[in-house]
Amino acid sequence: MLTFEQKQAIIDSFPELTKKEVSLKRLNYHFMDSLYEKTIVVEKLHPNGNGFVFVGDLLRYEEEAKDKGLVNIRDYDEQQLREIIEDAIQYLSEEEDQEPIEELWQNREGAQLKLAFEQRSWNVYHGENLEEAFGTQEAAKEYLLEEGFRKKK
């Protein structure tokens with residue numbers, strides 16, 4: 001487990017974050033260029049090593065994220081901490097109203113699935129039914145390829 005000082009040094013290495021002291025010697029780090037009201041990326045970093053990173057509804061962290069889209073980083077190593085902060089900054093930087101993307105995929109038997117980007121996730125549909133949801137386009141495409149589907153031209 002990283003110490004408070006090590007976590008603080010890693011977080012301080014992100015120039016887009018602004019440190020603000022809060023009660024009980026805890027620190028918050030804000031992303032002032034957030035496209036949303038939410039600006040806190042790292043919340044309540046405590047000298048005991050506890051702290052949280054805001055990931056909203058990113059599917060990649062759905063099992064770890066507790067109420068309010070926060071992930072506890074107490075036991076994170078340096079690489080994990082850097083990745084989750086990068087993901088959080090990207091999450092707060094992306095337009096949620098991105099144009100919908102839809103692709104048709106087909107297997108050798110002629111079955112078709114639709115890959116659609118909706119509300120920050122990549123969803124695979126069989127007809128109108130949601131088959132799977134992914135946090136990244138790459139993960140969704142990997143799934144489709146493993147299942148024997150190819151993008152329709």
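In this predicted model, five strands make up an open sheet ordered E1-E2-E3-E4-E5, and their pairing is antiparallel. Strand E1 (17-21) and strand E5 (70-72) lie at the edges, each pairing on one side only. Direction ignored, neighbouring strands of this sheet are turned against each other by 20 degrees on average.

Within this sheet, E3 and strand E4 (residues 52-54) run antiparallel and are joined by two bridges. Val42 has Val53 of E4 as its bridge partner. Helix H2 lies across E1, E2, E3, E4 and E5, and runs at about 30 degrees to E4.

A second open sheet also has five strands, here in the order E9-E8-E7-E6-E10, with antiparallel pairing. Its edge strands are strand E9 (129-134) and strand E10 (150-151), each of which pairs on one side only. Strand E6 (residues 101-106) and strand E7 (residues 112-118) run antiparallel, with six bridges between them. In E7, Leu115 is the residue opposite Glu103.

| Strand pair | Bridges | Direction |
|---|---|---|
| E3 and E4 (residues 52-54) | two bridges | antiparallel |
| E6 (residues 101-106) and E7 (residues 112-118) | six bridges | antiparallel |

Helix H2 also meets another helix. The axes of helix H1 (residues 4-12) and helix H2 (residues 78-93) come within 10 Å, crossing at roughly 40 degrees. H1 is therefore oblique to H2, since angles under 35 degrees would count as roughly parallel and 65 to 115 as roughly perpendicular. The crossing in which H1 passes H2 is right-handed.

The side chains of Thr39 and His30 are joined by a polar contact of 2.9 Å. Apart from neighbours within four places in sequence, Thr39 is in contact with Tyr29, His30, Phe31 and Ser34.

How values were computed: Residues are numbered from 1 along each chain as its sequence is written. This is a predicted model: local features need pLDDT of at least 70, side-chain atom pairs count only at pLDDT 80 or more; totals for chains, interfaces and linings use all residues. Side-chain values use heavy atoms; hydrogens and water are left out. A polar contact is a pair of N or O atoms within 3.5 Å; within protein, one must be able to donate a hydrogen and the other to accept it, and residues adjacent in sequence count only if both atoms are side-chain atoms. Contact means heavy atoms within 4.5 Å. Axes are lines fitted to C-alpha atoms, for helices over the stretch in contact, and angles run from 0 to 180 degrees between N-to-C directions. Helices (H or I, at least four residues) and strands (E, at least two) are DSSP runs, numbered from the N terminus. Angles under 35 degrees count as roughly parallel, over 145 as roughly antiparallel, 65 to 115 as roughly perpendicular and the rest as oblique. A crossing is left-handed if the near helix is turned anticlockwise from the far one by less than a right angle, and right-handed if clockwise. Two strands pair if DSSP finds at least two bridges between them.
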